[in-house]
Amino acid sequence: MNIVVGITGGIAAYKAPELVRLLVKAGHEVRCAATEHALQFVTRVTLETVSQHPLYSDLFATGGTEHISVREWADMVVVAPATANCIGKLASGIADDALSTLLVAMPPERILLAPAMNSGMWLNPAVQRNVQTLQGWGVCTVGPAEGELACGTSGPGRMAEPVEIVNAISNGHLPLAAQRWLVTAGPTYEKIDSVRFIGNYSSGKMGFALAQALADAGAEVELVTGPTALSISTNKHINVHRVESAREMHAAATALFPQCRGAILSAAVADYRPAEQADHKLKKQGDEGMTLRLVQNPDILATLGGMKTDSQTLVGFALETDHELENAEKKLAKKNLDYIVLNSLRDEGAGFGVDTNKVTILSRDGSHCESPLMSKKEVARLIVETVAP
Ligand code: CTP
């Protein structure tokens, strides 16, 4: 992984070079970012030597946009030590130096804080509230531990040891790091002529939320989407492939799947397309009406089920109106899936266009997990935690 080690001004900054050394030894690419106060405790030369990269400490050194290029480069930022001041600034969105500007630009799930301060400061209600706020946004923390503090007292506030911080990065934090996942989203449009198509009401919201939840867990995501008004905020971990028809989606998904650890197919793919697709605008046919002959589209999910290896996980969706569980179980077996996410059209607030969803996740081993009505973002997180633990 590409990791930025952020260092703020506390005595525990003297342990930062050891943390950088351990991360480099574990095979990570590391760059350091330090505040002015941190450089009172640890030198620029030490940090540049252990990381083998120039230190990022001056917001304007290369024209004032380096925080964005560093953010683009970084898979995560670990702040060790994180002072009460640094925690407070991040919880308030304050960006007034190189490191805090980078932290505010970073997705919260990609930040790990190792707080270090005097016990009284750590137990201060404002600091505790700020830590809880940040955790609520997805920021991870490691420590602080109880023990002897630099001020001569003892209590909670000691920075976690560098080896524990490295362990926190490799266990648990970003559990899907280095995994590639495929997601299909949105509707497909099946061309009738140069100005008309057959489509459906899918908004793509569920698939985009799934791509985001996978990226938040550390995965590289290939998002193949049919036509939708949605866009994904710039995220170097999500590659968007825009397609129009079921056949284009089939071609993109089958080409990408072999490089993926798993796939979640949430697209509402048109089952049929017009047998003939005119490249000009069709004229009215008069009172006799007109007949469109439809032919079946390839089933992307079933194709991937046939390609799937033992190390891949395949997840499909099912939108059922009756005998929901029974039909979903049949679909799971028929298409060789590991999980199927069942949407029932009977549930109010679930389905096309709306921001909420209520699902039952059925697994190949027969277990079921039913969600309450939640936002599509929360449903996406639940699905990712269930299918890629
Ligand atoms: N799907 C797909 N390619 C298709 C049709 C469906 O990849 N041509 C995927 C959807 O993305 C979804 C799942 O299959 O994950 C369920 O689709 P659904 O339309 O409910 O099931 P079908 O297999 O088409 O069965 P039926 O219409 O008979 O219920």
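A polar contact here is a pair of N or O atoms within 3.5 Å; within protein, one must be able to donate a hydrogen and the other to accept it, and residues adjacent in sequence count only if both atoms are side-chain atoms. This is a predicted model, with local features needing pLDDT of at least 70 and side-chain atom pairs counting only at pLDDT 80 or more, while totals for chains, interfaces and linings use all residues. Residues are numbered from 1 along each chain as its sequence is written, and side-chain values use heavy atoms, leaving out hydrogens and water.

Let's start at the ligand. A polar backbone atom of Ile 300 sits 3.0 Å from one of the ligand's nitrogen atoms. The protein buries 74% of the 580 Å² that the ligand exposes when taken alone (accessible areas by Shrake-Rupley with a 1.4 Å probe).

Now for the core. The largest nonpolar core has 32 residues, and Leu 210, Leu 214, Ile 264 and Ile 383 touch the most other members. Such a core is a set of buried Ala, Val, Leu, Ile, Met, Phe, Trp, Tyr and Cys residues joined through side-chain atoms within 4.5 Å, where buried means under 20% relative accessible area (1.4 Å probe, protein chains only). Helix α9 gives the most, with eight residues.

Follow Ile 383 and, leaving aside residues up to four places away in sequence, you'll find it touching Met 206, Leu 210, Ile 264, Phe 317, Val 341 and Ile 361 (contact means heavy atoms within 4.5 Å).

Terms used. Buried < 20%, exposed > 50% of the residue type's maximum accessible area, 1.4 Å probe, protein only. Helix = DSSP H or I, 4+ residues; strand = E, 2+ residues; numbered from the N terminus.
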